[in-house]
Amino acid sequence: MTKIHSGRSASKKNVLTLSLGVVFSTDTLKKSVPTALVVGTFLNGINQFPHLLNHQPLVWSKVVLNYLVPFLVSSWSILSTRLSKEEQSAGKKESFKAGSGEASDNQDK
């Protein structure tokens, strides 16, 4: 899980800005929207089947949620992976700086 420093409002703004940028980026939307369309359609078929079978009106709040939830889950997955990679790369930079300034000998062998 991503750690956000509670004492730094600038850090929170940076994470929020990065998060919104990742979620609404073209690459993320190219993955999240088709996922939401496929999964949402199946969920609507399952959840609204009795309404369709009995020719009753659809429950539109459920229709919206059936598409929104897969979109949010897919977007969260992409975002958490991206933030994890950001933390790992920041950790590698910090561990490199904390050492003698040289890469470990074990990497060369």
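## Report on a predicted helical chain

From the N terminus on, the elements of the protein chain run α-α-α-α-α. The model described here is predicted. In total, the protein chain has five helices and zero strands.

**Confidence and overall composition**

The average pLDDT of the protein chain is 82, and 74% of the residues score at least 70. Confidence is highest in helix α2 (residues 26–47), with a mean of 96, and lowest in helix α5 (residues 105–108), with a mean of 49. Where pLDDT is low, the predicted coordinates should not be read in detail.

Of the 109 residues in the protein chain, 18% are buried. The chain exposes about 8,700 Å², and carbon and sulfur atoms supply 63% of that area. Among contacts between residues at least 6 apart in sequence, 61% join residues at least 24 apart.

**Two serines of helix α4**

Which residues does S74 touch, once residues up to four places away in sequence are not counted? They are K31, S32 and T35. S74 lies in helix α4, and it is classed as buried because its relative accessible area is 14%, under the 20% limit for that class.

S75 is also found in helix α4. With a relative accessible area of 4%, S75 is buried. Leaving aside neighbours within four places in sequence, S75 is in contact with V23, T28 and S32.

**A nonpolar patch and L65**

The surface carries a nonpolar patch of about 520 Å², made by V64, L65, L68, V69, L72 and V73. One of these residues, L65, has its place in helix α4 (residues 60–98). L65 is partly exposed, because its relative accessible area of 46% falls between the limits of 20% and 50%. This value is also over the 30% that a residue of a patch needs. The C-alpha atom of L65 is separated by 9.6 Å from that of L43, a residue 22 places away along the chain.

**The salt bridge**

How many salt bridges are counted? The count comes to one. The bridge is formed by E86 and R82, whose closest N and O atoms are 3.2 Å apart. Because they are four residues apart in helix α4, E86 and R82 are separated by about one helical turn. Both partners have a computed accessibility: E86 counts as partly exposed at 36%, and R82 is partly exposed with a relative accessible area of 37%.

**A residue with positive phi**

H55 has a positive phi of about 55°, although it is not a glycine. Most residues other than glycine have a negative phi. The place of H55 is in the loop between α3 (49–53) and α4. Is H55 buried or exposed? H55 counts as exposed, because its relative accessibility is 73% and the class begins over 50%.

**Accessibility of the residues discussed**

The table collects the relative accessible areas of the residues described above.

| Residue | Relative accessible area | Class |
|---|---|---|
| S75 | 4% | buried |
| S74 | 14% | buried |
| E86 | 36% | partly exposed |
| R82 | 37% | partly exposed |
| L65 | 46% | partly exposed |
| H55 | 73% | exposed |

How values were computed
Residues numbered from 1 in each chain as written. Predicted model: local features only at pLDDT ≥ 70, side-chain atom pairs only at ≥ 80, totals over all residues. Heavy atoms only, no water. Patch = residues over 30% accessible without salt bridge, like charges linked within 9 Å, V, L, I, M, F, W, Y side chains within 5 Å. Areas by Shrake-Rupley, 256 points an atom, 1.4 Å probe, with all protein chains shown as cover. Salt bridge = Lys/Arg side-chain N within 4 Å of Asp/Glu carboxyl O. Buried < 20%, exposed > 50% of the residue type's maximum accessible area, 1.4 Å probe, protein only. Contact = heavy atoms within 4.5 Å. pLDDT = per-residue confidence, 0-100.
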